[in-house]
Amino acid sequence: MTRAQERLATRQAATARQELDGYERDLAAWQPTPPEGILPWAHLAYRHGLLAARDDLRAELGMAPAVTANTTVIPEARG
């Protein structure tokens with residue numbers, strides 16, 4: 001690998017780590033009760049998207065899978 005390729009890989013990894021930190025912050029701040037006007041299933045789908053993006057970035061960076069549960073039950077979402 002050339003030096004330019006190494007620098008590019010280093011920058012890409014740093015960017016991916018910053019994105020991962022953002023997803024981790026968003027997941028930590030996620031509230032199980034949807035805000036007013038947001039449908040419960042849409043709120044849960046958003047969380048699943050955050051989890052999937054986080055897991056993809058962790059795999060890309062060669063990190064172990066996160067230990068967060070993949071599902072959260074919202075009582076209003078059950079029918």
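The charged end of R47 sits over the ring of W30, at 5.1 Å from the ring centre; a charge counts as sitting over a ring if NZ of Lys or CZ of Arg is within 6 Å of the ring centre and within 35 degrees of the ring normal. The model is a predicted one, in which local features need pLDDT of at least 70 and side-chain atom pairs count only at pLDDT 80 or more, whereas totals for chains, interfaces and linings use all residues. Residues are numbered from 1 along each chain as its sequence is written, and side-chain values use heavy atoms, with hydrogens and water left out.

The secondary structure of the protein chain consists of two helices and zero strands, where helices (H or I, at least four residues) and strands (E, at least two) are DSSP runs numbered from the N terminus. Helix α1 covers residues 3-29, and because its 27 residues at 1.5 Å a residue should span 39 Å, the 39 Å between its end C-alpha atoms agrees with expectation; the expected span is 1.5 Å times one less than the number of residues.

Within α1, the residues A16, L20, G22 and L27 are buried, a term that means under 20% relative accessible area, with exposed meaning over 50% and partly exposed in between (1.4 Å probe, protein chains only). What covers the buried residues of α1 includes α2, which runs over 40-60.

L27 and R47 are 20 residues apart in sequence, and their C-alpha atoms are 7.3 Å apart in space.

For the chain as a whole, buried residues make up 20% of the 79 residues. The accessible surface comes to about 5900 Å², of which 56% belongs to carbon and sulfur atoms, the areas being computed by the Shrake-Rupley method with a 1.4 Å probe. Among contacts between residues at least 6 apart in sequence, 53% join residues at least 24 apart.

Terms used:
Contact means heavy atoms within 4.5 Å.
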